[in-house]
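Me: I've got a model here and want to go through it residue by residue. Can you take some questions?

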Amino acid sequence: QVQLVESGGGLVQTGGSLRLSCAASGRTFNFYNMAWFRQAPGEEREFVAGVKWDDGRTYVADSVKGRFTISRDNGKSTVNLQMFILKPEETAVYSCAADRFPRRRDIAMTRDGYNYWGQGNQVTVSS
C-alpha cells in the first residue's frame with residue numbers, strides 16, 4: 001500500500017553531516033508510524049529513529065541521540081533523517097520503513113514491526 005523511495009545518501013567525512021529523505025506514495029502515508037533503520041556490513045539491521053503518525057512524537061536510538069533528528073512532513077509525504085557528527089562506524093545502508101499497521105500507538109523498534117521498506121541508501125563515513 002505504501003511505496004518508499006530514499007535519497008540523500010553519499011560519502012562524508014568523519015564529523016560531517018548528511019540529510020536523508022524518504023518520499024512515500026499513497027494517501028495512507030499519514031496513518032503510519034515511520035522509521036529509519038541501518039545495516040552495516042556484516043551486521044544486522046538496527047533501528048535508528050522513528051516518528052509517530054499522529055502527534056509527531058519521536059524516538060531516537062541512544063547511539064545517535066543528540067546527533068540525529070527524524071521528522072516528517074505529511075503535506076509532502078516525506079520523512080527525513082538529519083544526521084550530524086557522523087562516525088565511521090555508522091557507515092551503513094540506511095532504509096526508510098513504514099509500520100506494519102496503520103495508526104499504531106507505539107513506535108516499533110524492530111524490523112518485524114514494519115512491512116514497507118525503501119530500497120536503501122548507502123551512507124559512507126570516511127576515516
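Me: Which residue in β3 does E6 stand opposite?
Reply: E6 belongs to the covered face of strand β1, residues 3-7. Strands here are DSSP runs of E, at least two residues, and helices are runs of H or I, at least four, numbered from the N terminus. β1 pairs with β3 in the antiparallel sense over five bridges, where pairing takes at least two DSSP bridges between two strands. In this predicted model, the β3 residue opposite E6 is C22.

Me: What pLDDT must side-chain atom pairs have in this predicted model?
Reply: Residues are numbered from 1 along each chain as its sequence is written, and side-chain values use heavy atoms, with hydrogens and water left out. Since you asked about cut-offs, local features need pLDDT of at least 70, totals for chains, interfaces and linings use all residues, and side-chain atom pairs count only at pLDDT 80 or more.

Me: Which residue does the disulfide join to C22?
Reply: The structure holds one disulfide, meaning a pair of cysteine sulfur atoms within 2.5 Å. C22 sits in strand β3 (residues 18-25) and its partner in strand β9 (residues 92-99), so the link ties together parts 74 residues apart in sequence. With S to S at 2.2 Å, the partner is C96.

Me: Is the link of C22 and C96 left-handed or right-handed?
Reply: Both ends are tucked away: C22 counts as buried at 1% relative accessibility, and C96 at 0%. Buried means under 20% relative accessible area, exposed over 50%, and partly exposed in between, with a 1.4 Å probe and protein chains only. The angle about the S-S bond is -75°, and the link is left-handed.

Me: What is the bridge partner of A23 in β8?
Reply: β3 pairs with β8 in the antiparallel sense, over six bridges. Among those residues in β8, the bridge partner of A23 is T78.

Me: Which residues make up the uncovered face of strand β1?
Reply: In a regular strand the side chains alternate between the two faces of the sheet. For β1, L4 and E6 take the covered face, which leaves the uncovered one to Q3, V5 and S7.

Me: How many residues does the largest nonpolar core have?
Reply: A nonpolar core is a set of buried Ala, Val, Leu, Ile, Met, Phe, Trp, Tyr and Cys residues joined through side-chain atoms within 4.5 Å. In the largest one, L4, M34, W36, L81, M83 and Y94 have the most contacts inside it. β3, β4, β5, β7, β8, β9 and β11 each supply at least two of its residues, and a second, separate core of seven residues includes A35, F37, A97 and A108. The largest core has 30 residues.

Me: Which residue's backbone oxygen does the side chain of N33 reach?
Reply: N33 lies in the loop between β3 and β4 and is buried at 0% relative accessible area. A polar contact is a pair of N or O atoms within 3.5 Å; within protein, one must be able to donate a hydrogen and the other to accept it, and residues adjacent in sequence count only if both atoms are side-chain atoms. The backbone nitrogen of W53 lies 2.8 Å from a polar atom of the N33 side chain. At 3.0 Å, that side chain also reaches the backbone oxygen of D106.

Me: How far apart in space are Y59 and A49, C-alpha to C-alpha?
Reply: Y59 is in strand β6 and counts as partly exposed at 35% relative accessibility. Leaving out residues up to four places away in sequence, Y59 touches F47, V48, A49, G50, I107 and M109, with contact meaning heavy atoms within 4.5 Å. Y59 and A49 are 10 residues apart in sequence, and their C-alpha distance is 5.6 Å.

Me: What is the phi of S77, roughly?
Reply: S77 is in the loop between β7 and β8, and is buried at 16% relative accessible area. Although S77 is not a glycine, its phi is positive, about 55°.
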